[in-house]
Amino acid sequence: GGVAPWWTTAVVYQIYPRSFADSNGDGVGDLGGIRQHLDHLADLGVDVIWLSPVYPSPQHDNGYDISDYQNIEPLFGTLDEFDALLAEVHERGMRLVMDLVVNHTSDEHPWFVESKSSPDNPKRDWYWWRDARGGHQPGEPGAEPTNWRSFFSGPSWQLDEATGQYYLHLFAVQQPDLNWENPDVRAAVYAMMNWWLDRGVDGFRMDVINFISKHLDLPEAPVAPGETLADGAPFFISGPRIHEFLHEMNEKVFAGRDAQFITVGEMPGVTIDDARQFTDPQSAEIDMVFQFEHVGLDHGPGGKFDPQPLDLVALKHSLARWQEGLGTVGWNSLYLDNHDQPRLVSRFGDDGEYRYESATLWATALHLHRGTPYIYQGEEIGMTNVPFESISDYRDVETLNHYLEATGERGASAESVMPGIRSSSRDNARTPVQWNDGPQAGFTTGEPWIGVNPNYLEVNAERDRASERSVFRFYQRLIELRHTSDLVALGTFELLEAAHPTLYAFTRTLGDEKLLVVANVSGEPLELWPLTDGAGTLLAPWAGDEPHLLIANLPASAAAPDAGTLAPWEARVYRL
Ligand code: ISL
């Protein structure tokens with residue numbers, strides 16, 4: 001193929017607006033707050049900002065429940081302010097990508113209000129309305145049209161008393177699923193996307209976009225013993241028409257525009273084969289996908305709220321398979337956290353003694369893979385999980401529903417449920433960004449909508465930026481490396497020492513250039529023995545005369561006698 005697309009050298013930064021910065025003292029982050037901190041992002045060096053939803057919304061799921069696709073939530077600002085923000089982003093040479101949430105709307109969206117009003121309404125078929133299960137009265141336990149469990153607890157069907165029918169909601173009750181089988185729905189979505197592109201935005205991150213094609217017969221899912229609800233995912237993940245829909249979207253929205261966009265589909269449960277097809281330029285669907293395999297590896301038998309320790313071998317194996325699977329065709333996105341995941345340094349690193357080291361180790365490992373790296377707000381200063389005491393500190397609908405279900409119908413004690421919530425709640429990622437050591441970490445002059453992490457005196461952007469050695473400074477260097485090195489952007493990936501429990505080692509190769517990453521994923525020193533690559537070539541640059549260290553998270557011990565030992569959480573990248 002021809003020239004590599006522009007986003008092969010780009011780094012994306014995700015903003016979760018509620019929690020980023022508050023400019024008007026109401027305790028909720030807003031567009032004004034983003035405008036005040038654009039230089040933080042420009043200094044970091046990122047190319048693209050992905051903005052989580054800023055549209056009018058009842059905020060049951062912090063904006064992922066949209067009631068008007070073509071306006072701005074008053075809590076966050078106005079359309080005029082949005083235009084100003086977009087211009088300021090562009091002035092700094094960055095791009096702005098919007099969140100596209102079209103698997104579902106809010107139940108307060110006029111489309112749904114109309115749809116719900118009567119079975120004869122022309123928009124009835126814009127959503128998934130079904131009768132009660134045969135032989136059941138509407139509202140009876142078990143009368144839901146299928147046994148699918150919602151992602152946010154309970155059944156994924158809600159009864160509308162007035163018409164006696166149920167509607168499908170894979171997420172919260174207030175998030176009814178749109179019916180993409182209806183061509184009018186698709187046309188309305190494409191028109192809305194075109195309206196934003198005409199306004200100047202640079203692309204979309206597409207929320208659960210591989211859920212939009214469902215199996216029309218809505219089959220029952222196999223139920224585990226003792227359960228009544230089951231996982232319906234096989235019947236809506238990458239369903240029968242998914243490639244057709246995404247190709248059609250591409251044609252109706254992006255084809256014929258010559259600006260430089262980026263499209264990334266969020267795709268829980270996506271397989272490598274599907275991802276390759278979604279991102280193969282020949283398919284003309286989307287540029288890249290967020291896959292979920294690597295962030296599910298530490299989920300225990302009880303799911304995400306039953307976390308298990310990191311299995312590094314499994315993680316390396318998983319990421320390597322994706323590197324290889326999308327190696328020659330398609331493209332990977334690279335992420336280790338976002339607004340739905342716990343904080344990276346708390347989950348996979350050590351957020352105590354080795355916070356700087358482990359945060360920068362994981363940054364090194366991720367940013368040296370082949371793909372487009374995503375940084376989630378606060379990750380660039382090593383923000384950690386939050387030590388909330390009680391359930392009343394939490395705000396997230398998923399967390400609160402889980403707590404109610406576990407302590408209610410499942411009869412668990414609060415003490416047994418809280419540890420899983422503390423380590424896995426999405427609110428870990430949603431506490432206010434810690435800008436400085438002032439009141440409320442500089443996030444707001446008012447009362448924040450969710451508590452500030454008490455470690456803000458230690459962990460904050462002002463301090464990190466001023467320091468010679470900090471997580472922020474290190475991310476700057478990693479981003480610079482991607483911008484200046486074709487090898488980092490495009491080199492092929494080869495995993496080394498796949499079975500080693502604490503060493504993360506791989507090479508990247510482009511033509512006759514090669515680099516080696518070695519990282520010690522542990523709090524103990526690690527002796528590096530000679531590594532060999534797949535061709536049997538010995539790799540031991542630390543033992544050579546003039547090792548060329550591209551980047552490292554600790555002061556170079558390259559020439560010292562102990563150069564063959566990695567300190568706890570040390571990561572080095574050598575040019576070979
Ligand atoms: O975080 C999850 C629950 O553990 C995921 O299942 C998550 O719900 C899934 O990745 C889809 O996420 C996206 O759509 C949701 C929204 O709540 C998330 O914030 C969003 O990223 C519904 O719109």
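This is a predicted model: local features need pLDDT of at least 70, side-chain atom pairs count only at pLDDT 80 or more; totals for chains, interfaces and linings use all residues.

Colleague: Which residues of α6 make the contact with α5?
Modeller: Helix α5 spans residues 183–199 and helix α6 spans residues 242–254. On the α5 side, the contact uses R186, Y190, M193, N194 and L197. Their counterparts on α6 are F245, E248, M249, K252 and V253.

Colleague: How many charged residues does the contact of α5 with α6 have?
Modeller: The contact of α5 with α6 includes six nonpolar residues and one polar residue. The number of charged residues in this contact is three.

Colleague: Are α5 and α6 parallel, antiparallel, perpendicular or oblique to each other?
Modeller: The axes of α5 and α6 are 10 Å apart, and the helices pack at an angle of about 45 degrees. Angles under 35 degrees count as roughly parallel, and 65 to 115 as roughly perpendicular. The two helices α5 and α6 are therefore oblique.

Colleague: How are α11 and α15 oriented to each other?
Modeller: Helix α11 (residues 355–367) packs with helix α15 (residues 471–484) at an angle of about 15 degrees, their axes being 10 Å apart. Angles under 35 degrees count as roughly parallel. The orientation of α11 and α15 is therefore roughly parallel.

Colleague: Which residues of α15 make the contact with α11?
Modeller: The crossing of these two helices, α11 and α15, is right-handed. From α11, the contact draws on Y356, A359, T360, A363, T364 and H367. From α15, it draws on V471, F474, Y475, L478 and R482.

Colleague: How are α12 and α13 oriented to each other?
Modeller: Helix α12 covers residues 397–407 and helix α13 covers residues 414–424; their axes come within 10 Å and cross at roughly 155 degrees. Angles over 145 degrees count as roughly antiparallel. The orientation of α12 and α13 is therefore roughly antiparallel.

Colleague: What is the bridge partner of L51 in β3?
Modeller: Strand β2 (residues 48–51) pairs with strand β3 (residues 95–100) in the parallel sense, over four bridges. In β3, L51 has as its bridge partner M98.

Colleague: What is the bridge partner of W157 in β6?
Modeller: An open sheet of three strands has the order β4-β6-β5, with antiparallel pairing. Strands β4 (129–130) and β5 (157–160) are at its edges, each with a single partner strand. β5 pairs with β6 (residues 165–168) over four bridges in the antiparallel sense. In β6, W157 has as its bridge partner L168.

Colleague: How many charged residues does the shell around the ligand have?
Modeller: The ligand is surrounded by 14 residues, and the closest are D61, Y64, F171, K304 and D340. By class, the shell has six nonpolar residues and one polar residue. The number of charged residues in the shell is seven.

Note on methods: Residues are numbered from 1 along each chain as its sequence is written. Axes are lines fitted to C-alpha atoms, for helices over the stretch in contact, and angles run from 0 to 180 degrees between N-to-C directions. A crossing is left-handed if the near helix is turned anticlockwise from the far one by less than a right angle, and right-handed if clockwise. Two residues are in contact if their C-beta atoms, placed from the backbone, lie within 7 Å. Two strands pair if DSSP finds at least two bridges between them. A residue is near a molecule or strand if its C-beta atom, placed from the backbone, lies within 6 Å of it. Ala, Val, Leu, Ile, Met, Phe, Trp, Tyr, Cys and Pro count as nonpolar, Asp, Glu, Lys and Arg as charged, and the others, Gly among them, as polar.
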